[in-house]
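Please consult the sequence and coordinates alongside the text.

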Amino acid sequence: WIANSLSPQEIRERMMDKNSEFRVKMVQYLEGAHKGEFIDNSKDQVAVDVSYHASNPRYQDPTQTLPKPPPYSCSHELNQHCNTCQESETWWMKFKDTVNDILLKSNVHQKCDDRCLVEGICKARFPRSIFHQTTIDESGYIQMKKFEPMINTYTPALTYLLRSNSDVTSLLSGTALKLVTAYVTDYITKTPLKTYTIFQTIKDVYDHQASVLGGSLKDQEKARKLLTQIVNSLTVKMEIGAPMASAYLLGNPDHYTSHRFQTVFWRSYVSEVMKSWDSNDLQTSADNMRTKTADKVMIWKTKEGYTPYSVVMDYTHCSKEYENVNLYDWIRLSHKKVIPKKKKQNIPDPDTSDDGIDIDYTNQEVNANHKYDSDVDNDKEKDYIQEKVNPATLTFLPNHPQHNSHYITLVKEGFGYVPNFIGGSLPRRDTGNREFYCTTMMTLFKPWRSGLDLRENEQTWDDAFNEYNFTSRQEQLMSFFNIQYECYEARDNYSRQRKAGKILGLPNFIDQESLDYMGLPKNQADDMEIFDATDEHLSADACNEIGPQSAQRLKQMDEMHSILQGAGWLDKCVDPLPANMHISIKPIEPKSRQEWVDIIQRKKTSIIEDRDKHKQSNPTNNVYSNNGKPKWNQVEIIDQSYLLSSYLSSSPDIAKSQQNVVNMFSLRPDQERAFHIIANYASL
């Protein structure tokens, strides 16, 4: 995609040549693009310079100011008599001092402590190794020079503009490059919040805002505050940035793309192919790759009655004009349209064109008519249709339910879609079920109407795959399908090398925790809550492998065990029961959850009634009004003066006792006020 670009192998060969001018310029570029030390000074010297500048009353913290743009450069060489040249030279000197100041404040990793140490190892990988010059080893890996062990690599221009900590690393190996690709892809394609997470977030807001619900605010203000808190909490959970939130509020699109995308439930097509072959073959592939799913169709009303319809039928029953078009190109270029009434010459009118009765369907049916557009005028149609067509010749085959109402055209390449495969990741070509991989690729890239068209009876799917002549573009697409797995393998390789002490160049924002939690190859069927009985269970060996969360939990359990043991809670009893003492233990009768709830509720009620009886039988309790009736749960309205320190009880003795306590303990005004409130309440 870059004109005159070299292949990775050509770059490696030139970099391994010590006398290559390409190698010298590449190293100069990399050293200029990012650095691992302060500009032209050591850390100690920069600290002295920053301290000296900070003593000036006019000093401004660069992390709290905006960057100043450089002056326009002159067309001639540096001239001391040119004012513009002098301004430029002064600006560059200020630039270096500012960058060093920002680095000292933002990029220096202080002494490692409990905040960053995990089992004695710094999570941020400090201190870093020092290299006095850039070297290239025998494998072609470039080790950049670095003079400061406690700062990460950075780009001076980026630091000057951002005015904060930044981490810039050159990806100098294929492993690191694929790792970052997987990390960024996982980050920007996060799945939406699950329903239970949303409800839990709302519940947490209600729990934390109990004071608001019971406060004196108006209902409208309470609702506004609660909704604001809920939206803020959900925004944090979804990690929605300010630009995207602004786009939603302003009604603007939340993303912009150069291409259009078409959702494809690819397993439906593979399942249709497998139906044409031996049921045992289908069962084997289904058990391994979860392809055996219940057929879900739409019921379509036609002149002859009701008939099942599936989006797969659009391809298997397409016009004979397109019978040599493979499925991948069909998904990209096909465009379904309604036959205009004026052109229905020899085609009988259907009873209805869009009377589909939805019985049960998945994403494939929802998106079946994504390309459907009956309102395109003839002028625009000429722009993207490949050639002038007669709808009567492009209708579906007679046994298709839309044979009399719709037809298919192929659009030009520039107006095509990019397939978005859902229903699980496409199979791997290097591991796993080879037969299923070959079946899937043949389904996508070889034209077919039935699964019998893809291979002979005596052939295996692997043999048919090897014998079929794929185009160079199709082979390129198949290699692209495998990139996802290569990226995740690169993540695992990097994690192993990192734990072994072989650190590769990688941005500091990807720590070990991010690597451990970075998504494994996603099964999109799970995201859509599509499950079936063929889900495989984890083996015992896989269950024995614990992740970082489980390891942290076990560590906390060990710490609590040590605390309990040190406090004596786990010591054996030194005074056991006498040997001749027999205790009869009555077994607990098993009960349901609701029965236990009823028992506990009855017990609570009994305790409350006993307590009330005790209060009523105690004549000393001041719980009766003048008429002798108890005043349980009675609310009395008091004056505002009741909360002030100047308030005096109606009883002189009580007021005197309160004042004695205040004088005896020398209570501060706030303590005195709190004491009076409690004492006044107790004296009611």
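**Aromatic pairs and the fold around them**

Across the whole structure, a search finds 18 aromatic pairs, where rings of Phe, Tyr and Trp (its six-membered ring) pair if their centres lie within 6.5 Å, and planes under 30 degrees apart count as stacked, over 60 as edge-to-face and the rest as tilted. One of them is the edge-to-face pair of W277 and W461, at 6.1 Å centre to centre with 80 degrees between the planes. The model is predicted: local features need pLDDT of at least 70, side-chain atom pairs count only at pLDDT 80 or more, and totals for chains, interfaces and linings use all residues. Residues are numbered from 1 along each chain as its sequence is written, and side-chain values use heavy atoms, with hydrogens and water left out.

**Aromatic residues**

**A buried glutamine**

- Q402 is placed in the loop between α16 (378-384) and β9 (406-410).
- With a relative accessible area of 1%, Q402 counts as buried.
- Not counting residues up to four places away in sequence, Q402 touches W300, Y309, K336 and F396 (contact means heavy atoms within 4.5 Å).

**The chain as a whole**

- The secondary structure comprises 27 helices and 10 strands, which are DSSP runs numbered from the N terminus (helices H or I, at least four residues; strands E, at least two).
- Of the chain's 684 residues, 30% count as buried.
- Among contacts between residues at least 6 apart in sequence, 71% join residues at least 24 apart.
- The chain exposes about 46,300 Å², of which carbon and sulfur atoms supply 53% (Shrake-Rupley method, 1.4 Å probe).

- The structure holds 2 cavities of 30 Å³ or more; a cavity is a set of points on a 1 Å grid over the protein atoms alone where a 1.4 Å probe fits but cannot get out, and lining residues have an atom within 4 Å of a point.
- The second largest cavity contains about 60 Å³ of space, a volume being the space filled by probe spheres set on the points.
- Its lining consists of E31, H34, K35, G36, E37, M144, K145 and T153.

Key: 1 Å grid on protein atoms, 1.4 Å probe; cavity = no way out; pocket = protein on both sides within 12 Å on 5 of 7 lines; lining within 4 Å. Buried < 20%, exposed > 50% of the residue type's maximum accessible area, 1.4 Å probe, protein only.
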